[in-house]
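The sequence and structure are shown first.

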Amino acid sequence: MGKKTGFMEYKREKPSERDPLKRLDDWNEYSSPFSEEMSSRQGARCMDCGTPFCQIGMDVNGYTSGCPIYNLIPEWNDLVYRGRWREALERLLKTNNFPEFTGRVCPAPCEGSCTVAISDPAVTIKSIERTIIDKGFENGWIQARIPEKRTGKKIAIVGSGPAGLAAADQLNQAGHSVTVYERADRAGGLLTYGIPNMKLEKEVVERRIKLLTQEGIDFVLNTEIGKDVTADELKEQFDSVILCTGAQKQRDLLIEGREAKGVHFAMDYLTDTTKSMLDSNFKDKKFINTKNKDVIVIGGGDTGADCVATALRQKAKSVVQFGKHPKLPDSRNPENMWPEQPHVHTMEYAYEEAQAKFGDDPRQYAIQTTKLVADSKGNLKELHTIQMKKIKNEHGKYEFQEIPGSEKVWPAQYVFIAIGFEGTEAPLMEQFGVNMTRNKVQAAYGDYKTNVDGVFAAGDARRGQSLIVWAINEGREVAKAVDTHLMGSTVLP
Ligand SMILES: Cc1cc2nc3c(=O)[nH]c(=O)nc-3n(C[C@H](O)[C@H](O)[C@H](O)COP(=O)(O)OP(=O)(O)OC[C@H]3O[C@@H](n4cnc5c(N)ncnc54)[C@H](O)[C@@H]3O)c2cc1C
Ligand code: SF4
């Protein structure tokens, strides 16, 4: 174990974050890796407990507990404590294809089920993970691993998000020839166009794509399967196809005034901003600019938070985020015990920034938008709301009730809709003849086979909008299923 008494001697430390006001002047990452000393101290806090719940990766009461890719956390904590970085990296890469992504933006369900967290703040697992992989790149320990032999089998992967990339990496290492098709002009899925640069710098994604290309994976960009290449063509040309198309079909807000100019889906806002930044450092002006405008983000989740942070960097006049649910408690309530993921109030990067800029947390809780109102030219001018209360009905189920007299009118020239995703897009699946259930591809977890022979599915397209770490898990697992399908057994971990 790290240090027998480490968890009693050392406190949890967070990695340093740039000043919330100053970082609004650029689009660079807001957090930094740990120093060696800090990593070692935090590694020393690991208790190396008999059953490390941090790495169990299972659903408990509908939420993820522990690491979904079963990272060997106590092992690398110990190695980091002892300064054996290269061995820590080897352990990390045994289970995680892309720790540079998870170490930056994973919500770290591992930390919620860390044993230290029963009585004290958890070991800072995610930041140690980031420091190990960043060190690996800095020291040149990460080099292209070009497979020595090829099997002659050809696999097409549709979609280059983390699920597609993890599947491609695994299958390429097994010696198969892998082609990844992506309809966007850059690979990475939501890692590139979705998660903003200040959370995950795009150089980090590009560096990994370059490495995978050097290792022999073929990326075909600007190519939409179903339009530019048909499903039949793909099935004819390849021995297996994996559908990793994500779940980016956005849920709409069907209320009065939705057609007003200035009302957009959050994903259009985030994608255009990143694309304009990467293409021209915003010189092409091909993005929605909220400078000096009143912005309201509808939807209380992470996508909404990313819109808040984006609007703040564009120097919006005001930014507010509406959530459907009441504010979470500051500590776990009795229905949400360890090792479940804690459902507690947290201050994410975007809210710290808004607080620093405007002196207030931008979140409004238990609020419902009732209508949007445009001026005579059709431009959005205001938004109407009512407060809600969450109550348990006579059947023990929670429901929301309007609070009479709580109506309010908010000025707004821009509204971003971030109320979730409905699933993957049906037309492509119809072309493949693949069955769907509630906008998800039908393929059992652990099996990944669709009803069409040789066609598999993984990631958000199969499970619905989720997390990068689950996409990596499914990418690794579907690779095993495809390898077995093609070769009769699998060599993949
Ligand atoms: C704004 C936002 C922020 C997020 N932040 C986080 C976070 O901080 N941490 C976290 O863990 N998770 C986060 N997530 C969730 C996470 O990004 C996803 O769960 C993950 O990217 C899913 O991976 P995937 O490979 O299944 O799909 P995606 O990443 O969605 O990739 C699917 C790819 O398929 C391509 N595609 C679709 N159809 C076709 C076609 N017909 N032909 C060719 N290509 C096609 C798409 O263009 C896309 O590039 C966030 C999600 C959003 C929307
Ligand atoms: S991938 Fe996520 S859950 Fe797994 S160890 Fe890293 S931060 Fe924790």
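## Charges over rings

The charged end of Lys390 lies over the ring of Tyr398, 4.9 Å from its centre. The charged end of Arg207 is likewise placed over the ring of Phe137, at 3.5 Å from the ring centre. A charge sits over a ring if NZ of Lys or CZ of Arg is within 6 Å of the ring centre and within 35 degrees of the ring normal.

## Basis of the description

This is a predicted model, in which local features need pLDDT of at least 70 and side-chain atom pairs count only at pLDDT 80 or more, while totals for chains, interfaces and linings use all residues. Residues are numbered from 1 along each chain as its sequence is written, chains are lettered from A and ligands numbered from 1 in the order in which they are written, and side-chain values use heavy atoms, with hydrogens and water left out.

## Aromatic pairs

The whole structure contains 11 aromatic pairs, that is, rings of Phe, Tyr and Trp (its six-membered ring) with centres within 6.5 Å; planes under 30 degrees apart count as stacked, over 60 as edge-to-face and the rest as tilted. Tyr269 and Phe416 form a stacked pair, because their ring centres are 3.8 Å apart and their planes are at 5 degrees. This pair links distant parts of the chain, with Tyr269 in helix α11 (residues 266-280) and Phe416 in strand β16 (residues 414-417), 147 residues apart. Helices (H or I, at least four residues) and strands (E, at least two) are DSSP runs, numbered from the N terminus.

Tyr269 is buried, at 0% relative accessibility, and Phe416 is buried with a relative accessible area of 0%. Buried means under 20% relative accessible area, exposed over 50%, and partly exposed in between (1.4 Å probe, protein chains only). Phe282 and Phe287 make an edge-to-face pair, 5.2 Å centre to centre with 65 degrees between the planes.

## Helix packing

In helix α2 (residues 36-44), the buried residues are Met38, Ser39, Ser40, Gln42, Gly43 and Ala44. They pack against α1 (6-9), α3, α4 (85-95) and α7, where contact means heavy atoms within 4.5 Å.

On α3, Ile73, Trp76, Asn77 and Val80 meet Ile125, Ile128, Glu129 and Ile132 of α7. The residues of this contact comprise 6 nonpolar, 1 polar and 1 charged; Ala, Val, Leu, Ile, Met, Phe, Trp, Tyr, Cys and Pro count as nonpolar, Asp, Glu, Lys and Arg as charged, and the others, Gly among them, as polar.
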